[in-house]
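Thanks for coming, everyone. Please have a look at the model on the screen, and then I'll walk you through it.

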Amino acid sequence: MHIHELSLRSFRNYDQLSLTFDDKINVIIGENAQGKTNLMEAIYVLAFARSHRTPRDKELIQWDEEYGKIKGTIYKRNRRFPLEIIISKKGKKAKLNHIEQKRLSDYIGALNVVMFAPEDLNLVKGSPQVRRRFIDMEIGQIQPTYIYHLGQYQKILRQRNHLLKDLQRKPGADRTMLGVMTEQLIEHATTIVERRFKFLQLLRSWAAPIHKGISRQLEKLEIAYDASVRVSEDMNLETIKRTYTDKFLDIESKEVERGTTLAGPHRDDLVFYVNGKDVQTYGSQGQQRTTALSLKLAEIELIHSEVGEYPILLLDDVLSELDDYRQSHLLHTIQGKVQTFVSTTSIDGIEHEALEQAEIFRVSEGTIDIEK
């Protein structure tokens with residue numbers, strides 16, 4: 001799988017841009033605030049129909065423009081087809097093979113992308129929200145219907161929280177509607193949690209040996225799911241649903257008292273252990289970085305095993321954050337099999353044969369020159 005062509009119109013600091021890429025490694029060089037990350041972001045948005053940097057789509061559109069557009073031609077399973085995202089103040093449209101998709105879950109998964117940026121080093125030491133986003137985005141790529149259940153869950157969660165605040169202000173009010181919303185919430189929550197469990201089993205199988213290799217056989221990585229409801233990976237869908245139902249009956253009065261939903265996938269977390277110790281609390285910075293790198297490399301292999309092709313890899317200003325050994329391990333792993341985009345202020349000091357044959361793009365104030 002690779003992107004052959006990319007065109008932008010009124011996206012971030014790019015008025016008009018059209019590029020063709022090498023199917024191996026493409027290096028985007030430029031000073032900060034010139035447009036390197038904007039180009040990486042455009043590829044990410046083309047894959048996910050959303051930015052990894054902002055939840056506000058209007059920020060992607062150039063100032064005083066009505067809309068922004070990203071078009072790409074990709075090759076997947078030896079077939080060539082176009083993708084297109086149009087972002088306007090009224091919303092966004094996603095087109096696959098020139099056909100507008102009614103639901104984003106029908107679009108996501110056409111282009112598989114793994115991004116590794118400095119903020120991804122916070123996968124281990126950052127907030128639970130960072131880890132939930134990581135797992136949600138990756139499951140969505142290989143099981144697009146997961147995005148539908150997640151969207152429905154978040155919509156019902158907002159409505160339920162609003163109702164709980166109303167009930168908090170009106171003690172003794174009828175709770176019938178709360179029961180209906182709870183039932184709807186549980187329906188999607190059980191599917192989300194079950195799919196997270198299955199994904200984690202796959203992730204572990206790839207991440208553990210990768211981590212062992214990077215740590216020179218000295219460290220064993222384990223990944224646990226920290227659930228806000230007492231569910232486990234050996235439960236089937238019906239048992240998970242029954243456990244959720246019992247939990248919400250038990251905490252209903254407390255939720256009304258506090259005016260918010262106190263349990264569910266939106267409160268769950270991942271915990272990483274290295275040699276039996278929680279890496280977030282007790283791990284060194286080196287162990288935390290090795291864990292984050294292992295997870296990203298595991299994502300690549302996991303997507304390949306599920307989809308049958310390697311995803312596109314975006315390395316956004318991250319090589320300079322890794323030491324020589326981890327840098328070398330990363331570049332050696334992807335060499336020759338993954339189309340990769342590397343953004344950096346300079347490749348000086350990065351010694352690896354993978355970069356010797358790379359296509360070089362130099363970015364300055366929203367214009368790009370190709371270095372032959």
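One term before we start: a residue is exposed when its relative accessible area is over 50%, and buried when that area is under 20%. Also keep in mind that this is a predicted model.

Let's begin with helix α9. It runs over residues 324-334. Which of its residues are buried? They are Arg 326, Gln 327, Leu 330, Leu 331 and Ile 334. These residues are on the same side of α9, because they cover an arc of only 125 degrees around the axis. Now turn to the other side of α9. There, Asp 324 and His 332 are exposed.

What covers the buried residues of α9? The cover includes three helices, α5 (176-214), α8 (285-307) and α10 (353-356). It also includes the strands β12 (312-316) and β13 (340-344). After α9 comes Gly 336, with a positive phi near 80 degrees.

Next stop, Gln 141. You'll find Gln 141 in helix α3, residues 128-142. Is Gln 141 buried or exposed? Its relative accessible area is 2%, so Gln 141 is buried. What does Gln 141 touch, leaving out residues up to four places away in sequence? The contacts are Phe 48, Gly 109, Leu 111, Asn 112, Val 113 and Ile 303. Take Asn 112. Asn 112 and Gln 141 are 29 residues apart in sequence, yet C-alpha to C-alpha they are 6.3 Å apart in space. Then take Val 113. Its backbone oxygen lies 2.7 Å from a polar atom of the Gln 141 side chain.

On to the open spaces. The largest pocket has a volume of about 1,300 Å³. Its lining is made by 41 residues. Nearest its centre lie Arg 50, Gln 129, Arg 133, Met 137 and Gln 154. Which elements give two or more residues to this lining? They are α1 (36-48), β8 (113-116), α2 (122-125), α3 and α4 (145-169). By class, the lining of this pocket has 19 nonpolar, 9 polar and 13 charged residues.

Arg 133 comes up again with His 52. His 52 sits in the loop between α1 and β4 (67-76). At 17% relative accessibility, His 52 counts as buried, because the limit is under 20%. Not counting residues up to four places away in sequence, His 52 touches Glu 41, Tyr 44, Met 115, Glu 119 and Arg 133.

The largest cavity has a volume of about 30 Å³. Its lining consists of Arg 131, Arg 132, Ile 135, Arg 196, Tyr 225, Asp 268, Asp 269 and Leu 270. Helix α3 gives the largest share of that lining, 3 residues. Both α3 and β10 (269-274) supply at least two. By class, the cavity lining has 3 nonpolar, no polar and 5 charged residues.

Last, two loops with positive phi values. Arg 12 lies in the loop between β1 (2-11) and β2 (14-20). Its phi is near 50 degrees, positive in a residue other than glycine. Ala 33 is in the loop between β3 (25-29) and α1. Its phi is near 65 degrees, again positive in a residue other than glycine. With a relative accessibility of 79%, Ala 33 counts as exposed.

Definitions and conventions:
Residues numbered from 1 in each chain as written. Predicted model: local features only at pLDDT ≥ 70, side-chain atom pairs only at ≥ 80, totals over all residues. Heavy atoms only, no water. Buried < 20%, exposed > 50% of the residue type's maximum accessible area, 1.4 Å probe, protein only. Helix = DSSP H or I, 4+ residues; strand = E, 2+ residues; numbered from the N terminus. Arc of directions from axis to C-beta. Contact = heavy atoms within 4.5 Å. Polar contact = N/O pair within 3.5 Å; in protein donor to acceptor, adjacent residues only side chain to side chain. 1 Å grid on protein atoms, 1.4 Å probe; cavity = no way out; pocket = protein on both sides within 12 Å on 5 of 7 lines; lining within 4 Å. Points joined across faces, edges and corners; volume = space filled by probe spheres on them. Nonpolar A, V, L, I, M, F, W, Y, C, P; charged D, E, K, R; others polar.
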